[in-house]
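Open the structure in your viewer and keep the selection tool at hand. The tour goes from one stop to the next.

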Amino acid sequence: MTTDTLNARLAAGDDMALVECLRTHAALIRSYLRRFVPAQDVEDLQQVVFAEVWRCRHRYDPARSLPAWLLGIAHNRAVDHLRVRRLATVPLDAVADPPGADGRSYGDGLADRDRVRRALAELPAPQRQAIELAYYGDLTQREIAERLSVPLGTVKARTARGLRRLSDLLTPVAA
């Protein structure tokens, strides 16, 4: 089944096209939503996205990219979800003092983060990008490969080389 056929069938209201669309693009939508909403809400929000896809199928132009249209809907639903979410607040009296009487462990953590940030800046851009997407973007190596449009092996090599170089940069030199 070609993508153009799926696009046209979905726009025409073929209910089996929705099933095929869900099967084909569910992982993409789930991965996208994981970046914005809490993990426990991803499945529910994904169902909301595909329900809206079916409800608004008449607005879809089959000549346009189906994944882009789906991601647009997912983005809008994620924003809506986050807007209505109530964050838990904690009274300031209940918050503990920083560890250590002088807050030294907090300062040490900041110093460590600064060292890591400076070490990352010394890496070649492709290695730094792969590591940042993995650790700060919370993406799998396969998702990084798809995002950067490079082979999975390239992502693995960049990550391994970058981590090895970071280890060298962050390990204190014995005097």
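In which helix is the place of Leu70? Select helix H4: Leu70 is there. Helices here are DSSP runs of H or I with at least four residues, numbered from the N terminus.

Before going on, note that this is a predicted model, where local features need pLDDT of at least 70, side-chain atom pairs count only at pLDDT 80 or more, and totals for chains, interfaces and linings use all residues. Residues are numbered from 1 along each chain as its sequence is written, and side-chain values use heavy atoms, with hydrogens and water left out.

**Stop 1: around Leu70**

Stay on Leu70. Leu70 counts as buried because its relative accessibility is 0%; buried means under 20% relative accessible area, with a 1.4 Å probe and protein chains only. Now show its contacts, meaning heavy atoms within 4.5 Å. Beyond neighbours within four places in sequence, Leu70 touches Cys21, His25, Ile29, Val49, Phe50 and Val53.

**Stop 2: the cores**

Widen the view to the largest nonpolar core, which has 22 residues. A nonpolar core is a set of buried Ala, Val, Leu, Ile, Met, Phe, Trp, Tyr and Cys residues joined through side-chain atoms within 4.5 Å. Select Leu10, Leu33, Val53, Leu66, Trp69 and Leu70, the residues with the most contacts inside this core. Helices H1 (3–12), H2 (15–34), H3 (39–55) and H4 (66–84) each give two or more residues to this core.

Pick Leu66 next. Neighbours within four places in sequence aside, Leu66 is in contact with Leu6, Asn7, Leu10, Cys21, His25 and Tyr60. Another core, of 7 residues, lies apart from the largest one; Leu133, Leu139, Ile144 and Leu148 are among its members.

**Stop 3: Thr159**

Move to helix H8 (residues 152–170) and select Thr159. Is Thr159 buried or exposed? Thr159 counts as buried, because its relative accessibility is 7%.

**Stop 4: lining residues**

Last, select Ala27, Leu28, Arg30, Ser31, Tyr32, Arg34, Arg35, Leu71, Glu143, Glu146 and Arg147, which line the largest pocket. A pocket is an open set of points on a 1 Å grid over the protein atoms alone, where a 1.4 Å probe fits, with protein on both sides within 12 Å along at least five of seven lines; lining residues have an atom within 4 Å of a point. H2 gives the largest share of this lining, 6 residues.

Conventions
Buried means under 20% relative accessible area, exposed over 50%, partly exposed in between (1.4 Å probe, protein chains only).
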